[in-house]
Amino acid sequence: MSAIAVDVRPPVWRRLVGFNLLTAVILGIGGWYAGWFGAHAIAGSSLDYFGAIDFNELSLVLGYFGGVVGFLIGLGFANYPLARLRGYPASLREKETQGAGRYFSLCTDHKVVGIQYLWGIGLFFFIGGLNAMLIRTELLRPDHQVFPAGTYLTIVGVHGSMMMGMMSSGILGPFANYLVPIMIGARRMAFPRIEALTFWILMAAGAILQTTVFWGGFPTGWTGYEPLNIEAYQGMDCYIIFFALVGISMTLLGINMIATIVTMRAPGLTWTRLPIFVWGMLSTALLMALAAPVLVCTLSMALFDRVVQTNFYVAAQGGSSYLYENLFWIFGHPEVYILALPGFAIVLELLPVFARKPLWGYRLAVAGLLGVSLLSWFVWQHHIFVSGINGDLRPFYMLSTELISIPTGFTFLCGMMTLWRGKIRFTTPMLFCLAWFFNFLLGGLSGVFLSDVPSDVTTHGSFFSMAHFHYTIMGGLVFTFFAAIYYWVPKMTGVQLSERLGKIHFWWMFLAFNSTFAPLFAIGFLGQPRRVVTYAKSLQFLNDWVSISAFVLGLSLLFFLATFVYQLAFVKKPAGANPWASRSIEFQLPSPVPVHNFDRIPVFSGDPYGYGEGPAPSWVPAGAPAGRD
Amino acid sequence: MTTAPTTAGSGRNVGHGRRVIVAWIVSSIVATPLVAIFLGPILPPGNGSEQAHGQVIDNTVMTATITPVLCLLVVFFVYALTQFRPAPGAALEDGPPLRHHNGVQVSWMVLTTLTVLFLAGFGTYELLENGAGGGQGPSPVAVPTGVSHMMQVQAIGQQWNWTYRYPAYGGLETQQLFLPEHTYVELHVTSLDVIHSFWAYALGVKADANPGEDNIAYVLTRGPMSFEIRCAELCGLWHGYMYQTAHIVPQSQFTAWIKQQQSIDGSIAKYLPKYARIYYPDPQRRAG
Amino acid sequence: MRTGAKLLLTGLGVVVAGVLIGFYVSKLTTLQGSAAYAAPIRQVAGKPVVHLKIETVAAVGPKLAPNPDFVSYLIQNSQGTWLRRTVWQLPANATVHVTIYNFDGASGLRNAYLARPEGIDGNHITIDGKPASVINPDDASHTFAIPAYHLIVAVPGVGDNAKNQCGYAPCPLSNAHRTIQFTFHTGAPGHYRWQCFVPCAAGWIDGFGGPMQTIGYMDGFINVKA
């Protein structure tokens with residue numbers, strides 16, 4: 001292939017009818033109807049069951065299946081394999097290097113995918129947040145139905161699934177895809193086409209979850225417990241298909257990340273020189289690649305139970321609801337660390353820059369990340385301490401759960417000692433990182449009550465556990481997500497974000513967040529179960545406090561969105577190559593990073609944390625391009 | 001300013017470590033007893049039963065244990081964020097290149113490990129003592145010892161209400177839960193359909209109700225009281241409404257209540273299935 | 001791009017997002033059958049009395065619901081029209097006479113205990129004019145239950161070989177049916193849910209899906225107003 005071919009852009013009409021988001025949506029809808037009618041033709045008349053429940057479940061499932069396949073074909077994912085099968089050279093549309101059209105189609109540039117992820121995940125994050133606002137609206141009054149009881153459960157389920165499913169890739173999607181190849185001195189991910197596939201599958205998944213409201217919603221919350229799952233209306237299928245697609249996307253993303261980090265590091269980048277951010281992404285990717293397949297299998301069985309009446313999870317027919325609980329949490333507990341670990345990594349990556357000191361205890365920090373990653377496989381039954389599961393392993397799971405605080409403590413120690421005697425600069429990204437310590441400390445310490453069987457008897461399934469995981473996930477992941485945005489978006493877009501607006505956003509969000517979730521510990525301690533549409537009248541004051549704080553929190557996020565778009569589209573204050581005086585390699589490149597990252601592959605001579613150890617080395621050799629990859 | 005660490009006041013090690021450690025120890029010594037004495041008694045779930053009381057002790061011990069951790073972090077961050085900053089208006093300068101310190105690492109590991117082992121050990125002790133009110137499945141391990149007589153009560157979850165059966169009274173079934181005071185109760189929780197969770201907050205009891213599973217929890221009642229029972233596992237449309245009030249009453253009143261229930265239940269008694277630990281009721285799927 | 005064009009695009013984005021959010025929220029807040037039906041009140045000796053006429057049907061029919069095969073409760077208004085409304089507004093401290101015409105066959109109760117009427121006057125019901133203090137749980141077609149009142153009434157079903165069975169609702173009284181009558185009393189104002197405990201949702205596991213989990217069919221509220 002020649003370098004010239006990719007720079008010739010087809011005319012506008014050709015780009016519109018070519019393979020892009022527009023054709024993907026059209027083919028997706030077409031595929032949906034093909035699946036729908038196909039299933040009706042095959043099974044519609046032969047199954048009485050579908051007549052009794054007033055819908056043909058198979059047709060909905062096959063409809064969505066056809067829709068996803070059509071969507072991916074419309075994006076052009078079939079072009080490359082089909083072209084190669086037919087013996088023709090592959091189309092190079094996916095390798096386009098300029099134009100806004102790249103962002104709306106299959107593109108194998110890891111930087112484009114990163115930015116696609118940022119906006120795509122952001123969109124669903126805001127939809128999830130909107131649902132949270134609706135939940136808090138319902139809970140303003142103890143016994144008044146703003147939403148019908150079943151619809152309320154759907155809102156709760158969509159909020160939970162959207163946040164857990166989409167935000168699992170919240171850091172790996174945008175930031176790891178964008179930054180890991182640069183940080184390891186590579187020009188691309190190991191599997192660029194799969195990288196793009198993970199993004200577009202995720203977008204299809206999110207859209208499918210949202211369509212659940214047209215199919216009656218689903219009553220199970222994000223955990224989808226059986227056998228309520230089988231009992232539920234058609235909207236449940238949207239949940240199952242959503243989470244299965246998310247699982248596929250996560251698996252592929254994880255494998256791609258592992259392969260990239262293991263095999264594509266530039267010369268000199270030994271394991272002990274790897275930026276801690278890359279270590280964090282590696283430990284998260286390990287969890288993703290191993291945990292998400294369990295989810296896909298679990299949900300496939302749930303789908304069979306619903307559609308073709310197998311009985312994996314039906315106790316009366318020899319199945320077991322415990323099977324689902326166990327399988328779900330074998331995925332589910334690593335999943336919460338998939339959400340938490342990237343936060344650890346970002347904090348440890350950013351603290352040296354703003355404390356102007358080397359990362360303290362590098363090996364300990366790596367051990368912490370990998371230790372959490374490993375231990376998170378051995379704790380899942382703490383979600384079902386009171387479920388009556390036979391074979392009493394509760395003391396073991398109590399111990400293993402509490403052991404996780406040891407590697408988590410490594411992260412705290414390394415972070416704290418990095419601040420020790422530093423020259424701390426309170427920039428916006430730094431404030432978000434420092435808030436992580438506060439939030440994750442409260443989240444972690446409240447986790448002690450949930451890990452301990454006797455006190456878990458009271459806190460399990462209450463608002464206490466809800467407050468706990470919002471402190472660890474929203475306080476841990478979302479705050480560091482914003483730290484990453486303020487820190488790296490100037491590098492990704494070339495636009496410097498205002499420190500003043502950023503600090504307003506930070507303090508607004510930080511105070512509103514704590515005002516929202518701290519009272520929930522009290523509400524849970526006072527006995528309010530999760531996911532209830534009505535609650536005790538004596539708890540109205542606290543619930544109203546939480547609701548109003550939640551609205552203020554929602555406004556802080558809208559404030560961010562408005563200022564973010566305003567600055568990117570209108571202000572466009574140019575960012576220098578290195579606005580934070582960082583020693584990391586991505587800040588040795590221009591902002592935004594050029595198409596092929598490096599003209600010549602860099603050679604590393606140390607880790608990027610040598611603050612106070614003399615002038616920063618330059619690892620990016622100047623000179624002419626050494627060929628394309 | 002240069003990057004040389006010795007020129008800046010905060011750059012030199014002027015006993016920062018000693019200050020932080022002293023402040024931590026002092027604040028812990030002050031705060032921990034205060035937390036244990038004043039916060040402990042108001043921690044949930046109260047003293048409605050032996051098990052609830054055990055949970056309060058457990059919660060108190062844990063809160064007291066995490067107090068020094070909280071103190072350390074608060075002291076550290078207040079100190080670090082106020083002391084370790086560049087001089088106002090100073091140009092960008094680097095801190096001292098400290099990369100690791102074996103003593104700090106080892107003592108941190110030892111401290112966290114000891115804390116964790118203590119918490120897990122204490123939790124295990126509290127659990128095994130009397131089951132802590134949690135559901136333990138059909139063959140419980142944490143059984144209260146030295147109890148000669150236990151009253152069996154079955155809680156049956158169904159979409160969306162609880163009913164109760166008293167095997168000692170011929171499998172009598174009731175809409176409401178009454179328990180006699182100062183009695184050890186062996187609570188059997190099961191479900192007829194989906195997963196529910198029987199949560200008697202004031203008694204410190206929570207046990208999931210699973211279809212086809214007998215989930216046993218133990219509770220020793222104390223004096224007469226009324227308490228709320230809620231469902232703590234999402235079970236469908238009326239999950240949020242699946243609550244009711246139950247009562248602990250003196251023995252004589254309990255006997256009278258049983259008599260009254262037996263008389264009004266006379267008509268249904270012949271239709272009830274024999275008392276069993278689990279039920280697989282028909283119909284499972286109704287045909288169209 | 002010029003600033004004007006960017007402003008236009010941003011404004012357009014905000015408008016589109018607003019419209020979508022408005023559509024979404026309005027879709028979520030409305031539900032067929034959830035509008036309250038206010039029962040007409042008579043005063044007898046200074047106390048409010050309400051008479052509810054209810055029909056339970058095996059299939060609600062295409063006129064009344066988007067899912068014609070759903071089992072459902074219907075309520076009759078003062079004009080004699082059957083409405084698919086399951087939120088009923090009742091006065092506080094009132095006597096409520098209920099007549100249920102059941103056109104559905106028996107499914108049987110999963111918990112036999114709920115076949116015994118409770119929480120109503122005299123703890124007995126009248127079935128086709130004859131008093132009964134219990135029905136065979138296997139004959140139960142539906143229940144009318146208000147858990148907060150400890151109120152349970154099991155409704156016996158029409159025999160399988162009865163002639164002239166009703167197809168789709170609304171069913172005229174000339175179709176085979178059972179008539180169940182009882183009286184209960186409302187108390188303090190508030191929202192109290194009612195539901196059916198019989199696994200009557202055909203096709204779903206445990207008979208508890210679809211119409212059993214959607215307000216407007218086999219579930220609803222009584223809104224007791226002062």
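This is a predicted model: local features need pLDDT of at least 70, side-chain atom pairs count only at pLDDT 80 or more; totals for chains, interfaces and linings use all residues.
Student: How many of the 19 residues of α4(A) are buried?
Tutor: A residue is buried if 20 or more other C-beta atoms lie within 10 Å of its own. By that count α4(A) is mostly covered, and the number buried is 16.

Student: Phi of A:Q309 is near 60 degrees; is A:Q309 buried, exposed or partly exposed?
Tutor: That phi is a positive value in a residue other than glycine. A:Q309 lies in the loop between α12 (276-307) and α13 of chain A. Buried takes 20 or more other C-beta atoms within 10 Å, and exposed takes 12 or fewer. A:Q309 has 15 of them, so the class is partly exposed.

Student: And B:A132, with phi near 55 degrees: is B:A132 buried or exposed?
Tutor: B:A132 is also a residue other than glycine with a positive phi. Look for B:A132 in the loop between α3 (102-130) and β1 (151-158) of chain B. B:A132 has 33 other C-beta atoms within 10 Å, so the class is buried.

Student: Where in chain B is B:P45, the residue joined to B:P44 by a cis peptide bond?
Tutor: The bond from B:P44 to B:P45 has omega near 0 degrees. As for the place of B:P45, look in the loop between α1 (16-39) and α2 (50-83) of chain B.

Student: Which residue is joined to A:P592 by a cis peptide bond?
Tutor: A:P592 sits in the segment after α21 of chain A. Omega of the cis bond is about -15 degrees, and the partner is A:S591.

Student: Which helix gives the largest share of the side of chain A that touches chain B?
Tutor: The contact takes 72 residues from chain A and 83 residues from chain B. Several helices of chain A each supply at least two residues, including α13 (321-355), α16 (405-419) and α17 (428-451). The largest share is 7 residues, and that comes from α16(A).

Student: Which helix gives the most to the side of chain A that touches chain C?
Tutor: Here 26 residues come from chain A and 26 residues from chain C. Among the helices of chain A that each supply at least two residues are α6 (110-138), α7 (149-167) and α21 (540-571). By class, this side of chain A has 20 nonpolar, 3 polar and 3 charged residues. The top contribution is 4 residues, from α7(A).

Student: How many strands does chain C have?
Tutor: Of the 226 residues of chain C, 48% count as buried. The C-alpha trace spans about 85 × 45 × 35 Å along the principal axes of chain C. The secondary structure comes to 1 helix, and the number of strands is 14.

Definitions and conventions:
Residues are numbered from 1 along each chain as its sequence is written. Chains are lettered from A and ligands numbered from 1 in the order in which they are written. Two residues are in contact if their C-beta atoms, placed from the backbone, lie within 7 Å. Ala, Val, Leu, Ile, Met, Phe, Trp, Tyr, Cys and Pro count as nonpolar, Asp, Glu, Lys and Arg as charged, and the others, Gly among them, as polar.
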